[in-house]
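Visitor: Please put the model on the screen, and then I would like to ask about its parts one after another.

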Amino acid sequence: MSEIHYDAHPSMLRIRPFSTPLMIILLLAGILFAVMGPALIPVPLPEPLDARIVKIAGLVVAGLALLQLCVWWLATRSDHLVIRDDELVWTHGLLSKNYTEIKLSSVRTVRLHQSLLQRILNAGDIKIYTSGDDPELIVRGLPNPNRLRELIKRN
């Protein structure tokens, strides 16, 4: 078996740098409202709203935020890139799997795109071309994209 040089999943925070913290804040706020109820609201509630409704709303917000975070986490865990001595293997899917294996000797071009925020977070989008004008593989949000590009182009 050949040696593994790179082994990574896309990062949830690197793919969604604003949405992930927002969902975490909503999760925490929902839990806080579910526990504390109307004590967090500085103005008196109108008559039809009681403490129970505020607590239920907090639970709903926390539940939806947790569900969204779980969906995003599963999406990042279902993608996996491995670079060995002579090949690149991209695995995609949770219940049904798709495998893309590319011999490193057949790679013609590697394109790396990083926005300013991706540069700060050390993430990037990689496009790998083997033949033709369309990329054989597009991978978004991988950590250490410059190292990845160097590993691919080295062969």
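**Domains, spans and a pocket**

Guide: Over residues 78-152 the chain is 19% helix and 49% strand, with 22 Å between the end C-alpha atoms; helices (H or I, at least four residues) and strands (E, at least two) are DSSP runs, numbered from the N terminus. This is a predicted model, in which local features need pLDDT of at least 70 and side-chain atom pairs count only at pLDDT 80 or more, while totals for chains, interfaces and linings use all residues. Residues are numbered from 1 along each chain as its sequence is written, and side-chain values use heavy atoms, with hydrogens and water left out.

Visitor: Which UniProt annotation covers residues 78-152?

Guide: The record is an unreviewed entry, and its annotations may be inferred rather than shown by experiment. For residues 78-152 the annotation given by UniProt is "domain: YdbS-like PH".

Visitor: What are the helix percentages of residues 21-41 and of residues 53-75?

Guide: The unreviewed UniProt entry annotates both spans as "transmembrane region". Residues 21-41 have end C-alpha atoms 23 Å apart and 0% strand, with 76% helix. Residues 53-75 have end C-alpha atoms 33 Å apart and 0% strand, and their helix content is 100%.

Visitor: How much area do domain 1 and domain 2 bury between them?

Guide: The domain assignment, which is automatic or from a database, gives domain 1 (12-76) and domain 2 (79-154). Their centres, taken over C-alpha atoms, are 36 Å apart, and 8 residues of domain 1 are in contact (heavy atoms within 4.5 Å) with 9 residues of domain 2. Buried area is the accessible area (1.4 Å probe) that two parts lose on being put together, summed over both. Of the area between these domains 64% is on carbon and sulfur atoms, and the total is about 680 Å².

Visitor: Which residues of domain 1 lose the most area to domain 2?

Guide: Three residues together make up 64% of what the domain 1 side buries. They are Arg-14, Ile-15 and Leu-74.

Visitor: Which element gives the largest share of the lining of the largest pocket?

Guide: A pocket is an open set of points on a 1 Å grid over the protein atoms alone, where a 1.4 Å probe fits, with protein on both sides within 12 Å along at least five of seven lines, and lining residues have an atom within 4 Å of a point. The lining of the largest pocket draws at least three residues from each of domain 1 and domain 2, and includes Ile-15, Trp-90 and Arg-140. At least two residues come from each of α3 (51-77), β3 (87-92) and β7 (137-143). The largest share, 3 residues, is that of β7.
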